[in-house]
Amino acid sequence: MANVVELKVNLHCDECIRKILKAIKKIEDIETYDVDTKLNKVIVTGNVTEEQVIKVLQKVRKAAVKWDQDNQTLFAN
């Protein structure tokens, strides 16, 4: 069964988005991925964990935290 990982990531420029997409595409067992620039949200679906996606984003120097509907601020991890 596929997991849905939703993360808050600071998406402030096209270069950041390009790096994030490139990194996410390299994750094994993903089915879909999406970046919502208005909400600063990254969504990855597949046989992945939140920790795996966060680790990949950290490699491209992007802080990511679990998406929280109530508190949409970005905290460094």
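Me: Which exposed residues sit on the face of H2 turned away from its buried side?
Reply: Glu51, Lys55 and Lys59 are the exposed residues carried by that face of H2. Exposed stands for over 50% relative accessible area, buried for under 20%, and partly exposed for what lies in between (1.4 Å probe, protein chains only). This is a predicted model, in which local features need pLDDT of at least 70 and side-chain atom pairs count only at pLDDT 80 or more, while totals for chains, interfaces and linings use all residues. Residues are numbered from 1 along each chain as its sequence is written, and side-chain values use heavy atoms, with hydrogens and water left out.

Me: And which residues of H2 are buried?
Reply: Val53, Ile54 and Leu57 are the buried residues of H2. They lie on the same side of H2, because they cover an arc of only 100° around the axis. That arc is taken from the directions from the helix axis to the C-beta atoms.

Me: What covers them?
Reply: The cover of the buried residues of H2 includes S1, H1, S3 and strand S4 (64-66). Contact here means heavy atoms within 4.5 Å.

Me: What does Val56 touch?
Reply: Val56, which belongs to helix H2 (residues 50-59), touches Ala23, Ile24 and Ile27, if residues up to four places away in sequence are not counted. Val56 and Ile27 are 29 residues apart along the chain, and their C-alpha atoms are separated by 7.9 Å.

Me: Stepping back, what is the order of elements in the chain?
Reply: Starting at the N terminus, the order is β-α-β-β-α-β, with two helices and four strands in the chain. Helices (H or I, at least four residues) and strands (E, at least two) are DSSP runs, numbered from the N terminus.

Me: How many residues are there, and what share is buried?
Reply: The chain has 77 residues, and 34% of them are buried. Its accessible surface comes to about 5200 Å², with 47% belonging to carbon and sulfur atoms. Those areas come from the Shrake-Rupley method with a 1.4 Å probe; for residues, only the protein chains shown count as cover.

Me: What share of the contacts join residues at least 24 apart?
Reply: That share is 62%, taken among contacts between residues at least 6 apart in sequence.

Me: On to the strands: do S2 and S3 run parallel or antiparallel?
Reply: S2 and S3 run antiparallel and are joined by six bridges. Two strands pair if DSSP finds at least two bridges between them.

Me: Where else is phi positive, and what is its value at Asp29?
Reply: Asp29 has a positive phi near 65°, although the residue is not glycine. Asp29 is placed in the loop between helix H1 (14-25) and strand S2 (30-36), and is partly exposed at 48% relative accessibility. Arg61, which follows H2, also has a positive phi, near 60°.

Me: How many disulfides are there in the whole structure?
Reply: The search finds zero disulfides, a disulfide being a pair of cysteine sulfur atoms within 2.5 Å. Cys13 is in no disulfide, and the nearest cysteine sulfur, that of Cys16, is 3.3 Å away.

Me: Are those two cysteines buried or exposed?
Reply: Cys13 counts as partly exposed at 30% relative accessibility, whereas Cys16 counts as buried at 9%.

Me: How many salt bridges does the count give?
Reply: The count comes to two, where a salt bridge is a side-chain nitrogen of Lys or Arg within 4 Å of a carboxyl oxygen of Asp or Glu. Glu6 pairs with Lys41, with the closest N and O atoms 3.4 Å apart. This pair links distant parts of the chain, since Glu6 is in strand S1 (residues 3-9) and Lys41 is in strand S3, 35 residues apart. Glu6 is partly exposed at 28% relative accessibility, while Lys41 is buried at 8%.

Me: Which side chains meet in the salt bridge of 2.4 Å?
Reply: Arg18 and Glu15 meet there, N to O. Arg18 and Glu15 are separated by about one helical turn because they are three residues apart in helix H1. Arg18 is partly exposed, with a relative accessible area of 44%, and Glu15 is partly exposed at 37%.
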